[in-house]
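Me: I want to learn how to read pockets in a protein model. Can you take me through one?

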Amino acid sequence: MKLNIAVLPGDGIGPEVTDQAVKALKAIASEFNHSFTFKKADVGAIAIDKYNNPLPDETLELCKTSDAILFGSIGHPKYDNDPSAKIRPEQGLLKLRKELGLFANIRPVKAYETLLDKSPLKEHIIKGTDISIYRELTGGIYFGDKHLSENGNVASDLCLYSREEIERITHLAFQAAQNRKGKVTLVDKANVLESSRLWRKVVGEIAQQYQDVELDFLFVDNAAMQMILNPKQFDVILTENMFGDIISDEASVIGGSIGLLASASVGETYAMFEPIHGSYPQATGKGIANPIASILSAAMLLEHFELFLEAQLINKAVEKSLKLGISTPDINDNHDNVTTSKVGEFIEDFINNPNDSNMNFTNIHLGQSTII
Ligand code: IPM
Ligand code: MN
């Protein structure tokens, strides 16, 4: 298969983790005889520095003419600490999602067997957790009218949803549940918000078309608690934009590190793949950022194009690296300095030698693969 992939590394640790995902994709291309091309473009704070625009036209154009987008991360502390900044890196990402119509953000959350002891939560609570979060991505409070009064003392953000916006992601969530454990949990705040009551109504109606899927409702405050108390009760979580943002960061604690959580953002025409973590500015250039979320996002990219064996191989490589402790410090207490790029090299090596059962895996992570 031929794929033109736009690579938007962004800010902070974005470039270093995205490099590892590209390594994995290149290895897959050579192993399976695909032809993947990669073109880079700026987005976020780096694009503001260069062009005074967090999403330059050329970047948007590249995305629109590519088959898929691999996104790193955006954000910079100089904007976080300046509430009056008119131009912000995040605007680049939000505009990209909106312009490309990426209305569904899918975030898988899994408790890896080999990492059960890395989570601050108890093993018996998280063991076996396997959740797919369907977060609406182009509506709600993120995109409603924003207002700041003349005197700067009163502000508002409108949370707006239309039936159509709810319907399209709801169908995707139910279809996903049909191929999983057959349960959808709608997370909302229908006891308070009118927009949530619309979600309940529309989702309840659509559920009639999916008799094989069980539908459950949870208020978001309760859902936040249930996520920690008993995450295994969830299969597919369906929710609006901001609740999905918050609940997915919370859910990342189950896997032991936010550095493991990948995501796919899809719409009618375009698809973008991005880790859920931010730009982690303190770690920039230190080689300590976990590239797994970005690498798993690349696996989701492959799945999107129905390259299932290829995606599976990346997932297998990731599991092997976790099992062998070839991991960055967020999930590795051995102080053995496995850097971001070492993890990437291991994954690459594994993909290039998938059938070699005699591989000396303990040497391979040093980038000096030894076949014995
Ligand atoms: C995410 C991020 C973004 C969001 C930020 C960077 C705008 O937190 O992808 O979860 O809030 O959607
Ligand atoms: Mn977030």
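**Reading the pockets**

Reply: The second largest pocket has a volume of about 990 Å³. The model is predicted: local features need pLDDT of at least 70, side-chain atom pairs count only at pLDDT 80 or more, and totals for chains, interfaces and linings use all residues. Residues are numbered from 1 along each chain as its sequence is written.

Me: How is a pocket found?

Reply: Rolling a probe the size of a water molecule over the atoms shows where empty space is left. On a 1 Å grid over the protein atoms alone, a pocket is an open set of points where a 1.4 Å probe fits, with protein on both sides within 12 Å along at least five of seven lines; lining residues have an atom within 4 Å of a point. Points are joined across faces, edges and corners, and the volume is the space filled by probe spheres set on them.

Me: Which residues lie nearest the centre of the second largest pocket?

Reply: Ile106, Pro108, Ser132, Met300 and Glu303, out of 30 lining residues. Helix 11 gives the largest share of this lining, five residues (a helix is a DSSP run of H or I, at least four residues, numbered from the N terminus).

Me: Why does the second largest pocket lie between the domains?

Reply: Domain 1 (1-106 + 258-372) and domain 2 (120-255) both give residues to its lining, so it lies between them. The domain bounds come from an automatic or database assignment.

Me: What is the volume of the largest pocket?

Reply: About 1,200 Å³. Of its 47 lining residues, Ile74, Asp80, Glu90, Leu94 and Tyr142 are the closest to its centre. Helix 5 gives the most to this lining, with five residues.

Key: Chains are lettered from A and ligands numbered from 1 in the order in which they are written. Side-chain values use heavy atoms; hydrogens and water are left out. Helices (H or I, at least four residues) and strands (E, at least two) are DSSP runs, numbered from the N terminus.
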